[in-house]
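Thank you for making the time this morning.

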Amino acid sequence: MAAAAAAVGPAVRRSLGQRRPLPCGAGRGSGLRGRWPLPAGGVSLRPCSTRATLEGINKPVIDRIIRVDHAGEYGANRIYAGQMAVLGRSSLGPIIQQMWNQEKDHLKKFNELMVAYRVRPTVLLPFWNVAGFVLGAGSALLGKKGAMACTVAIEESISDHYNSQIRTLMEEDPEKYKELLQIIKQFRDDEREHHDIGLEHDAEMAPAYSVLKTAIQLGCKAAIFLSERI
């Protein structure tokens, strides 16, 4: 493992730094580059204050946002699990593990928000469980570049979706949803970071990169549409 860690790209190592803490939950060690190394179990999250969170909110909008984001982070965890199953012992293993650790924190946060806002999960979680792992392992079987191409496609889709949610909440009431906005903005930045790491590690040199990226992103759009609604 020491040899693998030494293979982490210098551009990634140079950018390691401290992340600003979130007001509720993500706390210390939220960022990939601010938590190298991180225990496999991730970090604990402070519980949210649930008092008054449900007063005066647009419940249908918040339900859709939290449900789909929880599903997305769940799927991302399964994708990285699949990639680690194939490439965990390679030089790329430590980088994938660190991104996966961060996604674990994201999922913990949305698990917490599901309770705080009384949102039911999508009924499709069992499907995303299998589909995510298959996508992760399948892309990794194409090689390191294939795995990174998958990362770029997924993280670009997720960060764009987070931007759409930010616009929605800003139009609703930026002060009322201040805490949720800060969480989503932080997670969007994390996903952009994953996207950039994928590019730094030759994602665009994967076989049939454009076709692979387009296919994965079409799947992401379908997953978002379905997970918001059922």
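What you see is a predicted model, in which local features need pLDDT of at least 70 and side-chain atom pairs count only at pLDDT 80 or more, while totals for chains, interfaces and linings use all residues. Residues are numbered from 1 along each chain as its sequence is written, and side-chain values use heavy atoms, with hydrogens and water left out.

Let me start with the overall fold. The secondary structure of the protein chain comes to 8 helices and 0 strands, where helices (H or I, at least four residues) and strands (E, at least two) are DSSP runs numbered from the N terminus. Of the 230 residues in the protein chain, 53% are buried; buried here means under 20% relative accessible area, exposed means over 50%, and partly exposed lies in between, with a 1.4 Å probe and protein chains only. The accessible surface of the protein chain comes to about 10700 Å², and 59% of that surface belongs to carbon and sulfur atoms, the areas coming from the Shrake-Rupley method with a 1.4 Å probe. If we take the contacts (heavy atoms within 4.5 Å) between residues at least 6 apart in sequence, 82% of them join residues at least 24 apart.

Next, the aromatic rings. The structure holds 2 aromatic pairs, a pair being rings of Phe, Tyr or Trp (its six-membered ring) with centres within 6.5 Å, counted as stacked if the planes are under 30 degrees apart, edge-to-face if over 60, and tilted for the rest. How are the rings of phenylalanine 110 and phenylalanine 187 arranged? Their centres are 5.8 Å apart and their planes lie at 65°, so the pair is edge-to-face. This pair links distant parts of the chain, with phenylalanine 110 in helix α4 and phenylalanine 187 in helix α7, 77 residues apart, and both phenylalanine 110 and phenylalanine 187 are buried. Phenylalanine 127 and tryptophan 128 form an edge-to-face pair as well, at 5.0 Å centre to centre and 65° between the planes, and tryptophan 128 is buried, with a relative accessible area of 11%.

Charged side chains come next. A search of the whole structure finds 5 salt bridges, each being a side-chain nitrogen of Lys or Arg within 4 Å of a carboxyl oxygen of Asp or Glu. One of them joins lysine 109 to glutamate 112, at 2.8 Å from N to O; these two residues both lie in helix α4, 3 residues apart, which is about one turn of the helix, and both are buried. Another joins aspartate 189 and arginine 188 at 3.1 Å, N to O, and arginine 188 is buried, with a relative accessible area of 14%. Glutamate 228 forms a salt bridge with arginine 229, the closest N and O atoms being 3.0 Å apart; here glutamate 228 is buried at 17% relative accessible area, whereas arginine 229 is partly exposed at 45%.

I will finish with two single residues. Proline 121 lies in the loop between α4 (93-116) and α5 (125-141) and is partly exposed, with a relative accessible area of 36%. Leaving aside neighbours within four places in sequence, proline 121 is in contact with Arg67, His70 and Met114. Histidine 195, by contrast, is found in helix α7 (residues 178-200) and is buried, with a relative accessible area of 14%.
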